[in-house]
Amino acid sequence: MYRLPFLSGLLLALVFYPFYLWPLALIALIPLWYFVRTSSYRDAFTGGCIVGAISITPMIYFTLVQLVAQPGALAFTYTVRASGLGFLLFISVLFGVMAYLYRRLRQESVLLNALVAGALYVVFETTLFYVFGGYWTVSLAHAVVSPPALTLASLGGMPLVVFCIIYTTVCIAEWIGQRRWQALIPLLLPCFLLTVAYQLAPEFGASRQLRVAILQAQPGFVFPLGTDTTGRFENEKVEQEIVAAAV
């Protein structure tokens, strides 16, 4: 009965640490959205919990379960490992609530469904961000590092990347369920956003190259102070060293 959520959980687990098979992010949640579209509210919540539990189990195992928090302090180490169960339960329930809310808010419009799912997932990841103190270990934006995703990030940051991924998977799931090509029309929105991002990428710095020169001063060498000339900091000696290092 829950084969589709189980499949989504497995695919999503391969997207996150330690595997980072980021292309799977574009299809991982399609089985879940397809399952939720015709399921009961209870099954939607249960299916979401299954996806959440399976998707983060490898991450918890390779980070907390295998962690030796402090050599010789077995009690502390096992306490840290046991905390993984709390994380597992919390993220699973949060994922289940997200799937439940999507089922409750789902309409006949593919566009509205994709917008709702994208917004819910952004809220889901933002909640995890604040709960875990800024770590993005289970974030789609953290895992997907392709050039298009980085370009989107230059336009709207992490939320836009996550939104577009979820938006796309919902559109595909609706198309599979409806068997109508019109269901794919809303996919023009992420394509439009990506086009805009590519056009504005130089302005946001997404396509600029950063050149770095590491200078190792000789013993007793002291860099002279620079000067401020018409609002520009200049240091001729340092600039000469940088040019020499870049050759």
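This is a predicted model: local features need pLDDT of at least 70, side-chain atom pairs count only at pLDDT 80 or more; totals for chains, interfaces and linings use all residues.
L89 is exposed, with a relative accessible area of 56%. It belongs to a nonpolar surface patch of about 470 Å², which L89 forms together with F45, V93, V97, L101 and L105. Helix α4, spanning residues 74-105, is the main contributor to this patch, supplying 5 residues.

Next, the cysteines. How many disulfides does the count come to? The count comes to 0. For C191, the reason is distance: a disulfide needs sulfur atoms within 2.5 Å, but the closest cysteine sulfur to that of C191, in C164, lies 9.3 Å away, so the two are too far apart for a bond.

The accessibility values quoted here for single residues can be set side by side:

| Residue | Relative accessible area | Class |
|---|---|---|
| L89 | 56% | exposed |
| C191 | 46% | partly exposed |
| C49 | 15% | buried |

C49 counts as buried because its 15% relative accessible area falls under the 20% cut-off.

Finally, have a look at D43, which is found in helix α3, residues 41-65. Which side chain of opposite charge is nearest to D43? That is R42, 5.7 Å away. A salt bridge calls for a separation within 4 Å, and D43 has none, although D43 is buried. Leaving aside residues up to four places away in sequence, D43 touches M1, Y2 and F35.

Conventions: Residues are numbered from 1 along each chain as its sequence is written. Side-chain values use heavy atoms; hydrogens and water are left out. Patches are made of residues with over 30% relative accessible area and no salt bridge: like charges are joined within 9 Å, nonpolar side chains (Val, Leu, Ile, Met, Phe, Trp, Tyr) within 5 Å. Accessible areas come from the Shrake-Rupley method with a 1.4 Å probe; for residues, only the protein chains shown count as cover. Helices (H or I, at least four residues) and strands (E, at least two) are DSSP runs, numbered from the N terminus. Buried means under 20% relative accessible area, exposed over 50%, partly exposed in between (1.4 Å probe, protein chains only). Lys and Arg count as positive and Asp and Glu as negative; His and the chain ends are not counted. Contact means heavy atoms within 4.5 Å.
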